[in-house]
Amino acid sequence: MPIVIQKYKHPYSFDDIFISFHGIFYDYSSKLIKKIKEYYPEHNVYLTNKGRESLNLILKNLNLNEGDEVAIPCNVCEVVVETILHNRLKPLIIDITNNLTLDPKDLMKKKTDKTRAVIVVHQFGNVADLDEIKKSKLITIEDCAQTINAKYKDKLVGNYSDYAFNSLDITKPISAISGSILISKKPIHYNLKKNVGLNNLVELILFMVLNNKLIYNLITKKFITNLKQKQTLKFKIKNKAMSKISIALAYSQYKKYEKKEDYSSKLLNSIRGLMVYSENNNHKKPSYTFIPVKLNGSKLSGKIDLPQPSCPLIYIEKYKNYISPCPNTENLYKELTLIPTHTNISNIKWEKYII
Ligand SMILES: Cc1ncc(COP(=O)(O)O)c(C=O)c1O
């Protein structure tokens with residue numbers, strides 16, 4: 001029997017269905033904004049429907065000229081590239097460090113007089129070297145979709161830049177089914193469509209039922225992965241605010257996240273012997289959604305099914321006009337495996353599954 005590990009899991013329970021339903025009638029936005037302000041006291045906070053909507057708002061507010069460049073790490077999610085292209089801007093693809101985040105040296109090498117902004121992705125809990133990146137003097141946007149509770153120096157990621165955003169879809173550390181928090185030093189002018197989001201309530205209930213461990217392996221595994229892939233690739237900007245239901249759910253999930261047990265240190269002990277991609281830099285304090293590991297020339301047997309990292313941009317045909325050499329990304333992604341930390345899987349005897 002293969003070992004079952006749900007790819008995505010969240011501390012949803014019946015009180016979340018209740019609060020989401022209550023959100024139809026009661027506006028939780030000021031409660032949620034107050035909670036987020038505890039982490040970002042000096043910033044303006046906005047609630048949008050998705051990470052791409054937040055990034056779109058940021059790019060619109062920058063008033064860049066058509067063809068201006070926005071630097072991104074080579075291992076960023078396609079949605080980020082599509083949002084840049086949607087704004088008639090050009091992605092400038094930068095190699096990554098062994099920390100799996102944007103390489104400041106490659107940024108300095110590839111930056112041109114058309115490069116205006118850089119999107120820094122804190123990948124799998126690894127924090128990018130913001131001080132070095134800021135030496136580029138570009139407008140900095142922190143993408144905290146994969147990493148929300150790691151600190152840079154003594155503050156949470158997102159606090160050090162002009163703009164930051166996260167994503168609250170089901171694959172992220174905190175999920176409100178759909179949604180994104182946008183953080184900005186300066187006020188942003190926006191006009192987003194308000195909505196109740198009944199579909200989010202239906203999706204929450206479906207997710208809770210289908211993600212149950214008993215039926216996950218039988219019917220859900222393929223279904224959830226395919227659904228997520230379709231949603232990522234079906235790129236649309238709808239200029240929508242976070243739905244009333246997702247706002248209520250996000251508020252409840254943020255409160256639960258603060259109390260959630262962190263399994264990552266136990267997990268790190270249990271996989272000792274595999275190489276962990278978590279190279280130290282002076283400012284890093286990892287928080288894990290997945291622990292990225294390299295299997296030192298071996299493979300995982302088919303008896304264990306783990307999430308695959310998304311494909312680096314250098315291998316995606318439609319971006320071939322923007323590709324420049326990213327040798328470190330090529331090397332690192334050859335043997336990269338992700339181990340989810342949402343659940344206590346530290347008792348697994350990993351040696352049994354490595355061939
Ligand atoms: C690093 C990163 N940035 C941005 C996004 C986009 O978020 P959303 O799907 O909410 O638009 C994702 C989503 O997969 C992501 O992984």
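**Exercise 1. Find the handedness of the crossing of H2 with H9, then describe the contact.**

Step 1. H2 passes H9 in a left-handed crossing. A crossing is left-handed if the near helix is turned anticlockwise from the far one by less than a right angle, and right-handed if clockwise. Helices (H or I, at least four residues) and strands (E, at least two) are DSSP runs, numbered from the N terminus.

Step 2. This is a predicted model: local features need pLDDT of at least 70, side-chain atom pairs count only at pLDDT 80 or more, and totals for chains, interfaces and linings use all residues. Residues are numbered from 1 along each chain as its sequence is written.

Step 3. Two packed helices are described by the angle between their axes and the distance between the axes. The axes of H2 and helix H9 (residues 244-259) come within 9 Å. They cross at roughly 35 degrees. Axes are lines fitted to C-alpha atoms, for helices over the stretch in contact, and angles run from 0 to 180 degrees between N-to-C directions.

Step 4. H2 brings Ser 29, Lys 31, Leu 32 and Lys 35 to the contact. H9 brings Ile 247, Ala 250, Tyr 251 and Tyr 254. Two residues are in contact if their C-beta atoms, placed from the backbone, lie within 7 Å.

Step 5. Sort the residues of this contact: five are nonpolar, one is polar and two are charged. Ala, Val, Leu, Ile, Met, Phe, Trp, Tyr, Cys and Pro count as nonpolar, Asp, Glu, Lys and Arg as charged, and the others, Gly among them, as polar.

Step 6. Helix H2 (residues 29-39) also lies across E1 and strand E9 (180-184). H2 runs at about 130 degrees to E1.

**Exercise 2. Describe how H3 passes H4.**

Step 1. The crossing of H3 with H4 is right-handed. Their axes come within 10 Å and cross at roughly 35 degrees.

Step 2. From H3, take Gly 51, Arg 52, Leu 55, Asn 56 and Leu 59. They meet Val 79, Val 80, Thr 83 and His 86 in H4.

Step 3. The contact of H3 with H4 has four nonpolar residues, four polar and one charged.

**Exercise 3. Describe the shell around the ligand.**

Step 1. The ligand is surrounded by 15 residues. A residue is near a molecule or strand if its C-beta atom, placed from the backbone, lies within 6 Å of it. The closest are Lys 50, Gly 51, Arg 52, Ala 145 and Ser 167.

Step 2. Helix H3 (51-62) and helix H4 (78-86) each give two or more residues to the shell.

Step 3. The shell divides into six nonpolar, five polar and four charged residues.

**Exercise 4. Give the strand order of the open sheet of seven strands.**

Step 1. The order is E1-E9-E8-E5-E4-E2-E3, with mixed pairing. Two strands pair if DSSP finds at least two bridges between them.

Step 2. Strand E1 (44-48) and strand E3 (90-94) are the edge strands, and each pairs on one side only. From one strand to the next, the twist averages 20 degrees.

Step 3. Strand E4 (residues 115-121) and strand E5 (residues 139-143) run parallel, joined by five bridges. Ile 119 stands opposite Ile 141 in E5.

**Exercise 5. Describe the open sheet of three strands.**

Step 1. The order is E10-E11-E12, and the pairing is antiparallel. Strand E10 (275-276) and strand E12 (336-340) each have a single partner strand, so one side of each is left without a neighbour in the sheet.

Step 2. Five bridges join strand E11 (residues 290-294) to E12. Ile 291 stands opposite Ile 339 in E12.
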